[in-house]
Amino acid sequence: MNTIMNMRDTTPVNTFIGPGSSRMVGALSEQMGANTAFVVCDAGVKTAGLVDGILESLQEKGISAYLFDRVTADAPDTAVDEAAELCREQGCQVVIAVGGGSTLDTAKSIAMLQNNPGKISEYAMDPTKARVKGAKLILIPTTAGTGSEVTTGAVVAVSSAGVKCGFTGKDLLADFSLVDPLLTLGLPRSQTASTAMDAFSHCVESMLSGISNPFCDVLSLEGIRLISNNIEKVMENGNDVEARQNIMFAAYLGGMSVNDGGCNFGHAIAHTLGAKYHIPHGVVCATALPMVIEYFAEIYPDKIRKIAEAMSVALPENADNADAASVTADAIRALNARLG
């Protein structure tokens, strides 16, 4: 588990996963020809010292860094536009994100705007608006939730409209992602739980989707199994590096599944309530997920039984579809309760 593994061609993003992988950022930036980096994080990540190793790695390679540490949850479009302009003014060749889903999505948008005119709201509100690949991009998650480090999508809060908009495209994919479980060791229990259940929701919702495919099922079922087997270990011992890495990998798998399968009304509820009430995204996803399972009882009964099996939930003998969905949904509710 101390080995850094490189997933080069089996995934959409060249990824290094393992303890200490985040310290590769300087060498990778140098490899891409960068001499100035735009490093994106939030104030909490900066205060926790999680960005220090990133800046040191860049410094070791002689790469200067401009630190933008003003990302907020549900990052507004105006902040993205401001950061994108700063990135241009500083002449940065690579954008590096260190943080949770809002930070990673903000960095994707900043990188995209380096090579595309206008404001981010124009692209978020009109996903058909033409775009080209943005600046070089390295994503370093500090939570195990969104899987944004490997997804083709980003979410932006458009302040003027009071909505959160998602937009997708392969042009948004990072050049590298560095999945380092050591960056999650200090994550508070509440964030550990809510981000993991966001990842869990990605896995389930992308399976129970009209555009899902068999590859989504393979990815999602392994993600569900990993989270089910490891989340309570992490809640009991936040310094369990192996369990932390297993959950980060599950989030990564969920992100890949979402690339094809997408999410459904559980995430629609979460985005709507999150934009209005600023409730943590994973909390709403976790709350909605049992209802998602029950809704699809008669539509995807075989998949729901596979979800129960991946969670090690024993279904009653001869359970009909509604019963199987109800037992599975109740198991998720019970897990939510245990996680607080």
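In what order do the 7 strands of the open sheet stand?

## Basis of the model

This is a predicted model, in which local features require pLDDT of at least 70, side-chain atom pairs count only at pLDDT 80 or more, and totals for chains, interfaces and linings use all residues. Residues are numbered from 1 along each chain as its sequence is written, and side-chain values use heavy atoms, with hydrogens and water left out.

## The sheet

The order is E1-E2-E9-E6-E5-E3-E4, with mixed pairing. Strands (E, at least two residues) and helices (H or I, at least four) are DSSP runs numbered from the N terminus; two strands pair if DSSP finds at least two bridges between them. Strand E1 (5-7) and strand E4 (64-71) each have a single partner strand, so one side of each lacks a neighbour in the sheet. On average, neighbouring strands are turned by 15° against each other, direction ignored.

Strand E5 (residues 94-99) pairs with strand E6 (residues 136-141) in the parallel sense over 6 bridges. Within E6, leucine 137 stands opposite valine 95.

Helix H5 (residues 101-113) lies across strand E3 (36-42), E4, E5 and E6, and runs at about 170° to E5. Axes are lines fitted to C-alpha atoms, for helices over the stretch in contact, and angles run from 0 to 180 degrees between N-to-C directions.

The axes of helix H4 (residues 77-90) and H5 come within 9 Å and cross at roughly 50°. Contact (heavy atoms within 4.5 Å) involves Val80, Asp81, Ala83, Ala84, Cys87 and Arg88 of H4, together with Thr106, Ser109, Ile110 and Leu113 of H5.
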